[in-house]
Amino acid sequence: MTRQRNDNVGAIGTARPAPELEVWQALNIALDRAMERDSGVFILGEDVGLFGGSYRVTQGLYAKYGEWRVRDTPISENSFVGMGVGAALAGGRPVVEIMTVNFALLALDSIINMAAKLRYMSGGQLQVPLVVRMPGGVARQLGAQHSQRLEHTLINVPGLRVVVPATAQDSYWQLSQAIVADDPIVVLEHEFLYFTKGPFDAAAAPPPMHAAAVRREGRDVTLIAWQRMVSECMNAAAQLSARGIEAEVIDLRSLRPIDLPLLRASVAKTHHAIVVEEDCRFGGAGAEIAATLAEASYPDLRAAVRRVAASDVPTPYNLELERASIPRTQNILDAVEELAGSTG
Amino acid sequence: MQRKLAWQFLYDMTLARQFEQAAAEQYTQGNIGGFLHLYPGEEAVAVASLHAAEASDYVVSTYREHVHALVRGVRPAAVMAELFGKATGCSGGYGGSMHLYDAEHRFLGGYAIVGETFAIAAGVGYWLRMNDLTHVVLCYFGDGAVNQGTFHESLNMAALWKLPVLFVCENNRYQIGTEIHRHSAVPEVYRRASAYGIDSRRVDGMDVVAVYEATRAALQHVRAGNGPYLLECETYRYRGHSMADSGAYRSALELAELRARDPLDGFRERALAEGWLVAADCDEIDSEIDRVVADAVRFAADSPQPTDLGASVYREPLDLYGGRP
Ligand SMILES: Cc1ncc(C[n+]2csc(CCOP(=O)(O)OP(=O)(O)O)c2C)c(N)n1
Ligand SMILES: [Mg+2]
């Protein structure tokens, strides 16, 4: 049995676009439209069909497209992602859902050794138009094995693209773009964002898949974040504004590639930058962004680029400790304070 | 047996033997780098099974796949050039010995992580079944690969959804230096298929006619919509695992026993005895192959190096820092 459907997508394909949607609904519409347009698009994953998706993202699609295009798989991550690679080689456009990034560790061979490398290894003869979607991040008391990020590993792989939508609109845009692209693309979703609401317009023209977005303009410091950390930065910016500091908040939207021109333009204005990430600090995506920005924008920077990141610990179960393990608004405020101190 | 088929068997097995011999020499001379896994002794498996298949079927193989590519119709010159890492190679010099590809011949590689071929083949099979296409995927793998998780995962899914995959085990008794009784609790590979309700059988992989007949029957089973089939071919590699391995862990007696059952010699004798071929055919094939292999080596040696380091990582060049490439 599928779960109770939300009114907005109760009748897939016939619903009038609502002005505000939750992230999962936007993803659902992106999948539905892509499947309607192209019969080569199909879904593989655990509980994506009859059950409707662990986070409802595939809700209603099984009834509409049938079991061959919305396939419930056994718990065989490496092989069902590898099947996605094989089907993509044969001409399909599979969208594989891995229930969460934690289980993607078992599928890294298929993602890194096969999907990402086959075009290159074949001298450009083969292509792997595969999308791998998976939610990650720290949710709520799921314990260390179910609360982690995989950005650090995936962004280091030639041949992959990695997008990190935070809003309903971006989720729709970027998943739609990923499905029609001819390269393997990982769409990292966030477990905490599926049921957050935002403006949605299916007809609006999308920016390039990798383009970052300025969520708030400011002249004093640039806060760079993605997914859940964007809202922490927005909270921090509101509090800073009350103290007379105007922070610019940039939602990166993509981690491979990154939109360096936008970051540089912002830093040329603010002269200060802080990267805020939910992943552990050591060797994370934030390190790449901070180092790149330091090299590229050195003359504009009045202080070293700082990082606010998760503690380098497995995620603890205890709620208070769990909260303390990832950046909170206060950590961002502290970092801005230190930055102000360091530049005088 | 028809003369034409006998001729093809002998031609392809001779090509396989001589091509690999030439590759070994070129490796020793330093013209081929990296890992080089050769096929002498196993020729009957690839030759017979691929001749039993249709040109429109798909083929997925391991890193020991030169012969599969050749039998599939990839030009010997393009395979040798790939071993040399040249721009004219069948993967443009980007793949190497373990990563041969030829989209036109539906030869999908060339996978060097043991166990990968199962999932790729199941995925192609899924696509075929989803679109009601009648082609089959031939999936090659070694005896060592059946202990990898993907074997069990993929066989389960292939059986569950009745995917048109023919799993062909090239059981050469060894996983590098570990003999099958030391790596597998159930050393009869074909018996493992029963765990997933997949029909299977074992065949003498040193006998090209037997492999051919068994493959035809297996393909018929798959094409009839019965789902996957597993064919275990008992074979043997004469050389070490790769050029880096002398094979010293095997007894001379074992090697001699298997060489006495050489698939190439055995078939030549039988073809002459049965009248499928005459002595002149064998001579013609031998001299033709000498020429083809020599040409392939010359072509590879004379070919240019690839020069574009960043070619085809992505569909379009991608600037990781978001600029216009
Ligand atoms: C996952 C993985 N582990 C280990 C290796 C190293 N390795 C390469 S070939 C091989 C043995 C494979 O034996 P088998 O499957 O019987 O194939 P054969 O080489 O005999 O044809 C091993 C261990 C590898 N390539 N991939
Ligand atoms: Mg073996």
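Predicted model: local features only at pLDDT ≥ 70, side-chain atom pairs only at ≥ 80, totals over all residues.
**View 1. Fold and dimensions of chain A.** Chain A contains 13 helices and 14 strands, where helices (H or I, at least four residues) and strands (E, at least two) are DSSP runs. With a radius of gyration of 20 Å, close to the 20 Å given by the globule rule for 344 residues, chain A is as compact as a globular protein of that length; the radius is taken over C-alpha atoms, and the rule is 2.2 Å times the number of residues to the power 0.38. Along the principal axes, the C-alpha atoms of chain A fill a box of roughly 65 × 50 × 40 Å.

**View 2. The shell around ligand 1.** Ligand 1 is surrounded by 15 residues, each having a heavy atom within 4 Å of the ligand, and the closest are Tyr63(B), Arg64(B), Asp143(B), Gly144(B) and Asn172(B).

**View 3. Polar contacts of ligand 1 (pairs of N or O atoms within 3.5 Å).** A polar side-chain atom of Tyr63(B) lies 2.7 Å from an oxygen atom of ligand 1. Backbone N or O atoms also lie by ligand oxygen atoms, at 2.9 Å for Tyr174(B) and at 3.1 Å for Ala145(B). The protein covers 73% of the 580 Å² of accessible area that ligand 1 has on its own, as calculated by the Shrake-Rupley method with a 1.4 Å probe.

**Notes.** Residues are numbered from 1 along each chain as its sequence is written, while chains are lettered from A and ligands numbered from 1 in the order in which they are written. Local features need pLDDT of at least 70 and side-chain atom pairs pLDDT 80 or more, whereas totals for chains, interfaces and linings use all residues, and side-chain values use heavy atoms, leaving out hydrogens and water.

Note on methods. Polar contact = N/O pair within 3.5 Å; in protein donor to acceptor, adjacent residues only side chain to side chain.
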